[in-house]
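Dear colleague,

Please find below the structure that I am handing over to you, together with its sequence.

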Amino acid sequence: MSQAILAIDTSCDDTSAAVVCGGSEVLSNVVSGQNGVHERFGGIVPELAARRHLEIIEGVVDEALTSAAISFGAVSAIAVCKGPGLIGSLIVGTAFAKALAYVHRLPLIGVNHLEGHICSAFLKEGGPPTLPFISLVVSGGHTSLYRVDSRGRYRELGRSRDDAAGEAYDKVAKMLGLGFPGGPIIDRLAHKGNPRAVPFPRAYMPQTLDFSFSGLKTSVRSFIANNASNITVEDICASFQAAVIDVLIRKIEWATAQQNITSVALSGGVAANDGLRERITRLKGIETYVPPKPLCTDNAAMIGAAAYEQFLKGDFADLRLNPRAYLPVG
Ligand code: KG4
Ligand code: ZN
């Protein structure tokens with residue numbers, strides 16, 4: 001068996017542990033979500049997220065090892081997400097990983113969460129895409145485009161100047177009283193609505209590969225305030241979703257043209273969106289890779305994938321590893 005890495009991610013509200021071999025073969029990937037904890041607040045409460053991680057992290061790691069049928073003796077390194085994310089949540093994961101590395105005398109690898117999302121494309125489930133490829137990381141915290149030349153070589157081409165796409169989904173769902181997290185609910189309702197019912201604005205910003213979703217969010221808010229009784233929730237969801245997807249697809253087309261690249265990978269929670277998954281496969285002349293949904297939303301397998309290159313290079317952390325809420329790629 002090639003090197004097995006035990007990986008941990010507690011960057012936000014999912015507690016996850018995975019065992020990944022050779023940076024691509026997922027032996028286990030356990031994700032314990034906290035929607036039940038945060039639902040009634042309509043968003044993630046950082047303090048509650050950190051406490052919940054603390055309560056369950058040991059059990060989640062045990063389960064990852066058990067379902068991979070592996071013990072610490074066969075583990076080559078411990079990898080952990082060191083940011084970006086919610087600082088309290090990150091502290092729980094990194095403290096736990098440091099303790100495991102110390103007790104079992106294993107090397108420790110600190111992994112950037114965004115590099116994790118990018119590297120979900122290197123996991124065996126359908127990947128990897130042909131190199132170089134354009135990676136769109138689209139989640140609750142980030143909407144960014146990268147050029148990926150190989151494992152460990154990424155260049156940011158653009159990013160959101162305000163809200164992430166997933167954040168816009170969650171806020172619009174909250175305005176409509178639909179529950180949390182909003183993305184999957186809006187996705188489901190959008191199937192039943194008319195995407196042309198409301199012409200919400202698309203911030204294409206042709207001079208840049210950056211994104212902006214706050215204007216769209218404001219536009220949905222004022223539309224709801226003025227027209228609530230004349231339109232169905234399904235039509236609002238379908239029209240909002242169409243505006244988000246139009247922008248994401250247009251930016252992907254521009255990025256591939258600008259970089260002269262014909263291969264694209266999606267990742268992040270919004271990459272689980274059915275509308276986006278369907279639209280991306282229709283891009284002409286472009287090879288697309290969209291991971292299975294559980295590898296789009298937060299998971300530790302992607303951290304194990306990203307850690308592999310650092311493992312090969314001997315890029316290890318020591319017990320002073322400190323997580324960071326803000327941590328750009330590279
Ligand atoms: O990657 P992720 O699990 O966590 C972050 O790193 O942020 O992404 C979570 C985000 C949330 O905003 C959630 O509403 C969104 O991904 N999301 C979706 C879908 N599933 C999750 N957005 C649109 N359609 C979906 N099916
Ligand atoms: Zn994420």
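Proline 132 lies in the loop between helix 4 and strand 6 (133-138), where helices (H or I, at least four residues) and strands (E, at least two) are DSSP runs numbered from the N terminus. The peptide bond that joins leucine 131 to proline 132 is cis, with omega about -10 degrees. Proline 84 sits in the loop between strand 4 (77-83) and helix 3 (87-104). Alanine 69 is not a glycine, yet has a positive phi of about 55 degrees; alanine 69 belongs to the loop between helix 2 (46-67) and strand 4. As background, most peptide bonds are trans, and most residues other than glycine have a negative phi.

Please note that this is a predicted model, in which local features need pLDDT of at least 70 and side-chain atom pairs count only at pLDDT 80 or more, while totals for chains, interfaces and linings use all residues. Residues are numbered from 1 along each chain as its sequence is written, chains are lettered from A and ligands numbered from 1 in the order in which they are written, and side-chain values use heavy atoms, with hydrogens and water left out.

As to the overall fold, the protein chain has eleven helices and ten strands. Its radius of gyration is 20 Å, close to the 20 Å that the globule rule gives for 330 residues, so the chain is as compact as a globular protein of that length. That radius is taken over C-alpha atoms, and the rule is 2.2 Å times the number of residues to the power 0.38. The C-alpha trace spans about 65 × 45 × 30 Å along its principal axes.

The chain is divided into domain 1 (4-119 + 297-313) and domain 2 (129-290), with bounds that come from an automatic or database domain assignment. The centres of domain 1 and domain 2, taken over C-alpha atoms, are 26 Å apart. To the contact (heavy atoms within 4.5 Å), domain 1 gives 21 residues and domain 2 gives 14 residues.

Domain 1 and domain 2 bury about 1,500 Å² between them, 64% of it on carbon and sulfur atoms; buried area is the accessible area (1.4 Å probe) that two parts lose on being put together, summed over both. In domain 1, Leu114, His117 and Ile118 lose the most area to domain 2, together 39% of what that side buries. Helix 1 (35-38), helix 4 (113-119) and helix 11 (301-313) each supply at least two residues of the side of domain 1 that touches domain 2. Helix 4 gives the most to this side, with five residues.

Between domain 1 and domain 2 there are zero salt bridges, a salt bridge being a side-chain nitrogen of Lys or Arg within 4 Å of a carboxyl oxygen of Asp or Glu. The structure as a whole holds 14 salt bridges. One of them pairs glutamate 55 with arginine 52, the closest N and O atoms being 2.9 Å apart. Glutamate 55 and arginine 52 are separated by about one helical turn, because they are three residues apart in helix 2.

With kind regards
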